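Subject: Handover of a structure model

Dear colleague,

Please find below the structure that I am passing on to you. A summary of the findings comes after it.

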Amino acid sequence: MRPPREVDKPTYEIVGPVERYDQRDHPTARFGLVPGGPDYEEYYSRHPEFREWDDENRRLRSHALSSNRKKDPVNSRFGEAAFLGRRLLGTRDIVGGAPSLTGQVGQVERVDVDPGEMSAKLKAFGRYLGAGRVRITELNQDWVYTNFAYPYTSAESYGAPVELDYRYVVCMAIPQDRDMILNGFGIASNVEGGWNYSNGSLMSVTVAHFIRSLGWPARALPPDNSPYLVVPTFVDAGIGEQGRSVHVVTKEFGSNFRPGAVATDMPLEIDRPVDFGLQDFCEKCLVCAETCPPGAISREGKQVIRGVRRWHFDNNKCRRFWDSIGGSCGICQAVCPWSHPDNWFHNTVRELSESLPFFRKLAVLGEKAVYGKKFTPRPLPEWMETRGVRRDGTH
């Protein structure tokens, strides 16, 4: 399969001044607030419209977690274990490479590097570690959060201003096991997401340490300490394009991946964005929107959101669904037509969809005819089966 076509500018559209995002406003960050605590009171004094909704989410998740553990006390704990690496590898000392952890003594002599050679070396190293696609871009400060908040920047003081003053970002896409993600919103999908967040965290920390060992500044950007917008940054790097589900979609493995990244000032060669026809494809497709359980993915056209024209995604609806099931959901990743396996048939469809605009409608019709319009969860893998629990992951 050919790599996607490179272009001069990303396929999103800037239509006005870009408003930087305050991480404290994300539903997951709001969920992390402790009722009655000072941060809780401060936030909801500014946004009283979210208090009742978020409190109900907390109640729903507590009930769902308790219910899941009673019904399946073994399998329900796999997700907690899989996410652990993400939690451990997001601390300030780890992302910054504190000498007490790395064993570094004294100032490291800076090694002169060739930007092209070092870029190729970092990409090869990232692929060796397990990334399916590695690209490099300049860090756009419009994509840096204004303030820290749990969980994506949990190692820093809540509400502290973000300063991410680096020139480049090395972006790594870590593919997921599609059979696990096809479990939808069951235990297997939750485990796979957690494990690849942990995996991406380790990759980020490892690459950052390598760069620092050469005497150049670097900061790991693992999921639990990454104060920037992943999607537009990965689009800028040419990992893929932003799709209707607002995930980054790659030509090779669709949206079925988790991110890892490193910010650095080491001289590197940047990559160009890509355009493989996804914007037009997503206009015609709607598969992710039609199968999203809470209806969080818009079926309408693009909107202007904080100065960028893109499809709207209702984070509040998505978070409510996650809390109601006591886990995560990967249905939009699983059903994306670009997430199909790497084989001659699907690769041919990918190539034709990129090259021939008229073929995209045929590809969507074929997708729905072959795979149907309703998502059916893949059963749990055999090693996850427990007596009294059905193979589809339900109870």
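The following paragraphs set out the conventions and then the findings.

This is a predicted model, in which local features need pLDDT of at least 70 and side-chain atom pairs count only at pLDDT 80 or more, whereas totals for chains, interfaces and linings use all residues. Residues are numbered from 1 along each chain as its sequence is written, and side-chain values use heavy atoms, with hydrogens and water left out.

Overall dimensions

The chain holds 17 helices and nine strands; these are DSSP runs numbered from the N terminus, with helices being H or I of at least four residues and strands E of at least two. Its radius of gyration is 21 Å, close to the 21 Å that the globule rule gives for 395 residues, so the chain is as compact as a globular protein of that length. That radius is taken over C-alpha atoms, and the globule rule is 2.2 Å times the number of residues to the power 0.38. Along the principal axes, the C-alpha atoms fill a box of roughly 60 × 55 × 45 Å. Of the 395 residues, 53% count as buried, where buried means under 20% relative accessible area, exposed means over 50%, and partly exposed lies in between (1.4 Å probe, protein chains only). Among contacts (heavy atoms within 4.5 Å) between residues at least 6 apart in sequence, 77% join residues at least 24 apart.

The four-stranded sheet

An open sheet of four strands has the order E2-E3-E7-E4, with antiparallel pairing; two strands pair if DSSP finds at least two bridges between them. Strand E2 (133-138) and strand E4 (218-220) are the edges, each pairing on one side only. On average, and with direction ignored, neighbouring strands of this sheet are turned by 20 degrees against each other.

Strand E3 (residues 168-175) is joined to strand E7 (residues 257-264) by eight bridges. Within this pairing, Val170 has Val262 as its bridge partner, and Ile174 stands opposite Arg258.

Helix H10 (residues 187-213) lies across E3, E4 and E7, at about 20 degrees to E7. For these angles, axes are lines fitted to C-alpha atoms, for helices over the stretch in contact, and values run from 0 to 180 degrees between N-to-C directions.

The three-stranded sheet

A further open sheet, also antiparallel in its pairing, has three strands in the order E1-E9-E8. Its edges are strand E1 (13-14) and strand E8 (303-305). E1 pairs with strand E9 (residues 308-310) over two bridges, and Glu13 stands opposite Arg309 in E9.

The nonpolar core

The largest nonpolar core has 32 residues, and Ile297 and Trp338 have the most contacts inside it. Such a core is a set of buried Ala, Val, Leu, Ile, Met, Phe, Trp, Tyr and Cys residues joined through side-chain atoms within 4.5 Å. Helices H12 (278-285), H13 (287-291), H14 (315-325), H15 (331-335) and H17 (357-371) each give two or more residues to this core. Beyond four places in sequence, the contacts of Trp338 include Phe253, Phe276, Leu278, Phe281 and Arg350.

Two buried polar residues

Asp271 lies in the loop between E7 and H12 and counts as buried at 12% relative accessibility. Its side chain makes a polar contact of 2.8 Å with that of Lys123, and a polar atom of the Asp271 side chain lies 2.7 Å from the backbone nitrogen of Ile136. A polar contact is a pair of N or O atoms within 3.5 Å; within protein, one must be able to donate a hydrogen and the other to accept it, and residues adjacent in sequence count only if both atoms are side-chain atoms.

Asn75 is placed in the loop between helix H3 (51-71) and helix H4 (78-82), and at 1% relative accessibility it counts as buried. The side chains of Asn75 and Asp72 are joined by a polar contact of 3.2 Å, while the side chain of Asn75 reaches the backbone oxygen of Met384 at 2.2 Å. Not counting residues up to four places away in sequence, Asn75 touches Ile187, Leu380, Met384, Glu385 and Thr386.

With kind regards
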